[in-house]
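Subject: Structure handover

Hello,

Here is the structure I promised to pass on. Please open it beside this email and follow along.

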Amino acid sequence: MEREEEFLPGKMKENRRILNPLFRYLPWLEEASKKTVASTYSGDGLSQNSVPFPVYDGTLMNFIREAQNSPLMDRNYPYVYTRKRITNHDQERAIIAACDYKEWDTLRGILSKYVMGGRTKSTLWSEGVSEQIFYLVLKQFKEIVDFWDHSEK
């Protein structure tokens, strides 16, 4: 336990440095859950044989880019879902709320599912916003690093 108390504050400072660029999206993510962040473009210039495609809010795309480029992404996120037996949004929200620093990788896995998975399944980015998954994960990350910032003082 003594070693943990020495190690964790330094680790949380590093985590805060990684997360700070994403924390600025928290107010936007909270508000965006009440509106639509994607629309389907099928307008002018597309022929009858063309497929309509989603157009995302610019702020959402900036958040996705920053998250993708962060060390928070975990390509093995499906294991989190298997290990925790997560099958729906309510379970995700409950698990996110219960996470502490020991479940840091669980939060990373849930965030990664929506950020990385959205590259191939376009609805995930919109779901991450509308179901408040992005917001809740970032909020939980913030609570964890804030706790350790205050506990070392």
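**Salt bridges**

R93 forms a salt bridge with D90, and their closest N and O atoms are 2.6 Å apart. A salt bridge here is a side-chain nitrogen of Lys or Arg within 4 Å of a carboxyl oxygen of Asp or Glu. Both R93 and D90 lie in helix α5 (residues 89-98), three residues apart, about one turn of the helix. An α-helix has 3.6 residues a turn, so residues three or four places apart point the same way. Helices are DSSP runs (H or I, at least four residues), numbered from the N terminus, and strands are runs of E with at least two residues.

R93 is partly exposed, at 24% relative accessible area. D90 is exposed, at 54%. The cut-offs are these: buried is under 20% relative accessible area, exposed is over 50%, and partly exposed is in between (1.4 Å probe, protein chains only).

Before you go on, note that this is a predicted model: local features need pLDDT of at least 70, side-chain atom pairs count only at pLDDT 80 or more, and totals for chains, interfaces and linings use all residues. Residues are numbered from 1 along each chain as its sequence is written, and side-chain values use heavy atoms, with hydrogens and water left out.

How many salt bridges does a search of the whole structure find? The search finds eight.

One of them joins the side chains of D146 and R16, at 2.3 Å from N to O. D146 lies in helix α8 (residues 133-151) and R16 in helix α1 (residues 2-23), so this pair ties together parts that are 130 residues apart in sequence. D146 is partly exposed, at 22% relative accessibility. R16 is buried, at 17%.

Another salt bridge joins E66 and R24, with the closest N and O atoms 2.3 Å apart. This pair also links distant parts of the chain: E66 is in helix α3 (residues 58-68), R24 is in the loop between α1 and α2 (26-32), and they are 42 residues apart. E66 is partly exposed, with a relative accessible area of 25%. R24 is exposed, at 55%.

**Around R16 and K142**

R16, K142 and D146 are linked in a network of salt bridges. The R16 and D146 side chains also make a polar contact, at 2.3 Å. That term means a pair of N or O atoms within 3.5 Å; within protein, one must be able to donate a hydrogen and the other to accept it, and residues adjacent in sequence count only if both atoms are side-chain atoms.

Which residues is R16 in contact with, leaving aside neighbours within four places in sequence? They are F23, K142, V145, D146 and D149. Contact means heavy atoms within 4.5 Å.

**Aromatic pairs**

The structure holds seven aromatic pairs. Rings of Phe, Tyr and Trp (its six-membered ring) pair if their centres lie within 6.5 Å; planes under 30 degrees apart are stacked, over 60 edge-to-face, and the rest tilted.

Y25 and F63 make an edge-to-face pair, 5.4 Å centre to centre with 70° between the planes. Y25 is in the loop between α1 and α2, F63 is in helix α3, and 38 residues separate them. Y25 is buried at 6% relative accessibility, and F63 is buried at 0%.

Y114 and F134 are also edge-to-face, at 6.2 Å and 80°. Y114 sits in helix α6 (residues 104-117) and F134 in helix α8, 20 residues apart. Y114 is buried at 0%, and F134 is buried at 0%. Y25, F63, Y114 and F134 form one aromatic cluster.

**The core**

The largest nonpolar core has 48 residues, and L60, F63, F134 and F141 touch the most other members. Such a core is a set of buried Ala, Val, Leu, Ile, Met, Phe, Trp, Tyr and Cys residues joined through side-chain atoms within 4.5 Å. Its largest share, ten residues, comes from α8.

Not counting residues up to four places away in sequence, F141 touches L19, F23, L72, W104, L107, R108 and L111.

Best wishes
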